[in-house]
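Please keep the sequence and the structure in view as you go through them.

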Amino acid sequence: MTDVRVTYDKTANAAYIYLTEPQARVKSARMYPCDPVDVEGMINLDFDEQGRLIGIEVLAASAKLPEYLLQSAERLDTEGA
């Protein structure tokens, strides 16, 4: 399985799943918000200039993502640093 970089800020309860090479610094050219009613929260999809999905932002992450993923994520808040 390929390693995927995931960051998590417990204070904001927000996670970001990177779908690019770990060293790549790809900028988001377009963000597509999923309907918060349909997904019971806020999930944003980021696309690059070529229309490729480069990342997924998940708000209310503790309710949307598996606990093991959040525990293994790179922490952005001071609690996990």
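1. Does D77 count as buried or exposed? At 5% relative accessibility, D77 counts as buried, where buried means under 20% relative accessible area, exposed means over 50%, and partly exposed lies in between (1.4 Å probe, protein chains only).

2. A word on the source before going further. This is a predicted model, in which local features need pLDDT of at least 70 and side-chain atom pairs count only at pLDDT 80 or more, while totals for chains, interfaces and linings use all residues. Residues are numbered from 1 along each chain as its sequence is written, and side-chain values use heavy atoms, with hydrogens and water left out.

3. To return to D77, this residue is found in the segment after β6 (74-75); helices (H or I, at least four residues) and strands (E, at least two) are DSSP runs, numbered from the N terminus. Its side chain reaches the backbone nitrogen of K10 at 2.5 Å, and it also makes a polar contact with the side chain of R75 at 3.0 Å. A polar contact here is a pair of N or O atoms within 3.5 Å; within protein, one must be able to donate a hydrogen and the other to accept it, and residues adjacent in sequence count only if both atoms are side-chain atoms. Leaving aside neighbours within four places in sequence, D77 is in contact (heavy atoms within 4.5 Å) with Y8, D9, K10 and T11.

4. How many salt bridges are there? The count comes to three, a salt bridge being a side-chain nitrogen of Lys or Arg within 4 Å of a carboxyl oxygen of Asp or Glu. R75 forms one with D77, and R75 is partly exposed, with a relative accessible area of 24%. The side chains of D48 and R52 meet in another, at 2.9 Å from N to O, and D48 counts as buried at 8% relative accessibility. R5 forms a salt bridge with E74, the closest N and O atoms being 3.0 Å apart. This pair links distant parts of the chain, since R5 lies in the segment before β1 and E74 in strand β6, 69 residues apart.

5. The strand β2 deserves a careful look. Four of its five residues are buried, so β2 is largely enclosed by the rest of the structure. Four bridges join β1 to β2, and these strands run antiparallel; two strands pair if DSSP finds at least two bridges between them. β1 and β2 form a hairpin with four residues between them, and N13 in the turn has a positive phi of about 55°. Five bridges join β2 to strand β5 (residues 53-59), again antiparallel, with Y16 standing opposite E57 in β5.

6. The largest nonpolar core has 14 residues, and those with the most contacts inside it include Y8, A15 and L70. Such a core is a set of buried Ala, Val, Leu, Ile, Met, Phe, Trp, Tyr and Cys residues joined through side-chain atoms within 4.5 Å. β4 gives the most to this core, with three residues. A15, the bridge partner of Y8 in β2, touches several residues beyond four places away in sequence, among them I56, V58 and L65.

7. Finally, N44 is found in strand β4 and is buried, with a relative accessible area of 7%. A polar contact of 2.7 Å joins the side chains of N44 and E57.
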